[in-house]
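Please read the following briefing alongside the sequence and the coordinates.

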Amino acid sequence: MSTTTTTKTLVPEKIYDMLLNAQTADKVTVHFKDGQVISGALIFNPFKGTGRLIDVEKESSIDFAIENIRDLRFSRS
């Protein structure tokens, strides 16, 4: 008997649209396919399909490509 776990994964077009909207958000939380979950300010280049997530508190940043994102959430003040 095998057990399977399903995880929520958004389609690339939906992620692209959400990233465009998230650029005006105060904080974005990105869930990557490799299991990482990172929050911060977002810079997104829609032409290249890449971006950078900047964690101001930790003084760090991470570059990403759309195909590496599983899900994202954002909030505005």
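**Sheet, helix and hairpins in a predicted model**

Strand β1 (residues 27–32) and strand β5 are paired in the antiparallel sense over 6 bridges, where strands are DSSP runs of E with at least two residues and helices are runs of H or I with at least four residues, numbered from the N terminus, and where two strands pair if DSSP finds at least two bridges between them. Within this pairing, Phe32 has Ile69 in β5 as its bridge partner. This is a predicted model, in which local features need pLDDT of at least 70 and side-chain atom pairs count only at pLDDT 80 or more, whereas totals for chains, interfaces and linings use all residues. Residues are numbered from 1 along each chain as its sequence is written, and side-chain values use heavy atoms, with hydrogens and water left out.

**Sheet and helix**

- The open sheet consists of 5 strands with antiparallel pairing, in the order β4-β3-β2-β1-β5.
- At its edges lie β4 and β5 (69–75), each of which pairs on one side only.
- Neighbouring strands of this sheet are turned by 40° against each other on average, direction ignored; axes are lines fitted to C-alpha atoms, for helices over the stretch in contact, and angles run from 0 to 180 degrees between N-to-C directions.
- Helix α1 packs on the sheet, where it touches β1, β2, β4 and β5, and its direction makes about 30° with that of β5; contact means heavy atoms within 4.5 Å.

**Strand β3 and its two hairpins**

- Strand β2 (residues 37–45) runs antiparallel to β3 and is joined to it by 5 bridges, and Asn45 has Thr50 in β3 as its bridge partner.
- The hairpin of β2 and β3 has 4 residues between the strands, and Gly49 in this hairpin takes a positive phi near 75°.
- Strand β4 (residues 60–65) is joined to β3 by 6 bridges, again in an antiparallel arrangement, with Ile54 standing opposite Ser61 in β4.
- The hairpin of β3 and β4 also has 4 residues between its strands, and Glu59 in the turn has a positive phi of about 55°.

**Confidence**

- The protein chain has a mean pLDDT of 85, and 87% of its residues reach 70 or more; pLDDT is the predictor's confidence in each residue, from 0 to 100.
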